[in-house]
Amino acid sequence: MKTLGIVAEYNPFHNGHKYHIEKSKEISKCTNVVCVMSGSFVQRGEFAINDKWERAKSALLNGADLVLELPTYYVLQSAKNFAYGAVNLLNSLGVVDYISFGSESESIDDLKKVASVIDDSNEKYNSFFKKYINEGFSYPAARNMALSEYGFNELTPNDLLGIYYLSALSKLNSNIIPLNITRYKTLHNSCEQNDGYATASYIRNMIKNNDDVKDFVPKTDNLAENFFIENISDYVLGFLRFSNYLDDLIGYEEGLSLYIKDCAKKSHSLNEFYEISITKRYTKSRIKRCVLSALIGLKTGKKLDYIRVLGFNKNGAKLLKEIKKKTNLPIVVKTADFRPDKDSMFGYDVLSTDLAYFSSKNKNIGMDFKTSPIVL
């Protein structure tokens, strides 16, 4: 029995995700699939478009056996820390043999070469990177310019995540074997939809416009409620305008909280705030993550201290039994029974779910304590 690990956001789950699971199982010959999935927030600094249980259900109906939640603490960090948190969680399970990710690259060896350069211990790369940061370039731009010093081309976001997964495996001395699946039909910055396949951003825009997305998503029995932070734009702007010192939160640096507060005061909508706050140094995704970090008070210094189950099938139930034998971390199935330490990162997951639901029509609160894992 072999187990495949996948890190995902499924925002929303679409035909490309189904293809990735099927192709990964075919190549790895794994019989079980465990997905580590972002919960109520996603790494680009937005609410996930559907709640985490609905998205977990879609994954279970289309090839996954067990879906675990990636803590919000990791989701709202840079791609590097996002990847490390996800790989650390998979590694802590003690049962994962392979990790599969999708990218535009056709060679995992090429990605490994870049991963060896980006390594924290590479003083030469770090000096290049710091040079471009000090010249005022954004983090992504500085990274790509530093890599160009080694002859590497500009990375796509998917390539970069794959590289950071590889770096995390190395840092953790993990025995998990990495697999790279080349993206199918819709490549980054290429076509947004093609022959029944579409990018997640394209599908999200269709959902916002109340368009029918059935051609691009697998058949499920979901009746999902949609979440958009724009629905609580006035609340978010008001919070930022009257916020106190935020520079000790994740994603911030000296002076950034005052800058964000000033931009909020000048804005009449959240979208306007995003547009006027973007600079050469601060990307839109970073600003969005900083906003969510402020709303839930996300502080540094936390360690992974639980495994949160969102859903499973019969194979997943057997896998959970094996995980219980191998891991030292508590497995959270029923939230009401979990007693986290006062310094646990678990509270951020609850806050993020409440905030996402605040943007919905029903404005439900406490869904983490009212909703059981999906069982198929």
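Mentor: One term before we start. Helices and strands here are DSSP runs, numbered from the N terminus: a helix has at least four residues, a strand at least two. Also, this is a predicted model.
Trainee: Okay, so where does Lys363 sit in those terms?
Mentor: Lys363 is in the loop between α15 (346–358) and α16 (367–370).
Trainee: What is phi of Lys363 near?
Mentor: Phi of Lys363 is near 50°, which is positive, and Lys363 is not a glycine. Most residues other than glycine have a negative phi.
Trainee: How accessible is Lys363?
Mentor: Its relative accessibility is 41%, so Lys363 counts as partly exposed.
Trainee: What about Asn173, what is its phi?
Mentor: Asn173 has a positive phi of about 50°, and it is not a glycine either. It lies in the loop between α8 and β7 (177–182).
Trainee: Is Asn173 buried or exposed?
Mentor: Exposed, because its relative accessibility is 66% and the cut-off for exposed is over 50%.
Trainee: Which peptide bond is cis?
Mentor: The one from Asn11 to Pro12 is cis, with omega near 0°. Pro12 lies in the loop between β1 (3–8) and α1 (15–28).
Trainee: Let's zoom out. How many helices and strands does the chain have?
Mentor: The protein chain has 16 helices and 12 strands. Its radius of gyration is 20 Å, close to the 21 Å that the globule rule gives for 376 residues, so the chain is as compact as a globular protein of that length.
Trainee: What box do the C-alpha atoms fill?
Mentor: Roughly 55 × 50 × 45 Å, along the principal axes.
Trainee: And how much of the chain is buried?
Mentor: Buried residues make up 55% of the 376 residues. The accessible surface comes to about 17400 Å², with 48% of it belonging to carbon and sulfur atoms.
Trainee: What about charges?
Mentor: There are 49 positive and 44 negative side chains. The centres of the two sets lie 3 Å apart.
Trainee: Now the inside. Which residues touch the most other members of the largest nonpolar core?
Mentor: That core has 114 residues, and those touching the most other members are Tyr10, Phe47, Leu66, Val67, Leu90, Leu93 and Phe273. Helix α4 (residues 79–93) gives the most to this core, with eight residues. Another core, of eight residues, lies apart from it, and includes Ala198, Ile203, Met206 and Val213.
Trainee: Pick Leu66. What is it in contact with?
Mentor: Leaving aside neighbours within four places in sequence, the contacts of Leu66 include Val33, Val34, Cys35, Phe312 and Ile323.
Trainee: Which residues of helix α7 are buried?
Mentor: In α7 (residues 139–148), the buried ones are Ala142, Arg143, Asn144, Ala146 and Leu147. What covers them includes α5 (108–118), α6 (123–134) and α8 (157–171).
Trainee: Last one. Where is Lys303?
Mentor: Lys303 lies in the loop between α13 (284–296) and β10 (307–312). Lys303 is exposed, at 70% relative accessible area.
Trainee: What does Lys303 contact?
Mentor: Beyond its neighbours within four places in sequence, Lys303 is in contact with Tyr74 and Met345.
Trainee: And how far apart are Lys303 and Tyr73?
Mentor: They are 230 residues apart in sequence and 9.2 Å apart in space, C-alpha to C-alpha.

Methods: Residues are numbered from 1 along each chain as its sequence is written. This is a predicted model: local features need pLDDT of at least 70, side-chain atom pairs count only at pLDDT 80 or more; totals for chains, interfaces and linings use all residues. Side-chain values use heavy atoms; hydrogens and water are left out. The radius of gyration is taken over C-alpha atoms; the globule rule is 2.2 Å times the number of residues to the power 0.38. Buried means under 20% relative accessible area, exposed over 50%, partly exposed in between (1.4 Å probe, protein chains only). Accessible areas come from the Shrake-Rupley method with a 1.4 Å probe; for residues, only the protein chains shown count as cover. Lys and Arg count as positive and Asp and Glu as negative; His and the chain ends are not counted. The place of a charge is taken as NZ of Lys, CZ of Arg, CG of Asp or CD of Glu. A nonpolar core is a set of buried Ala, Val, Leu, Ile, Met, Phe, Trp, Tyr and Cys residues joined through side-chain atoms within 4.5 Å. Contact means heavy atoms within 4.5 Å.
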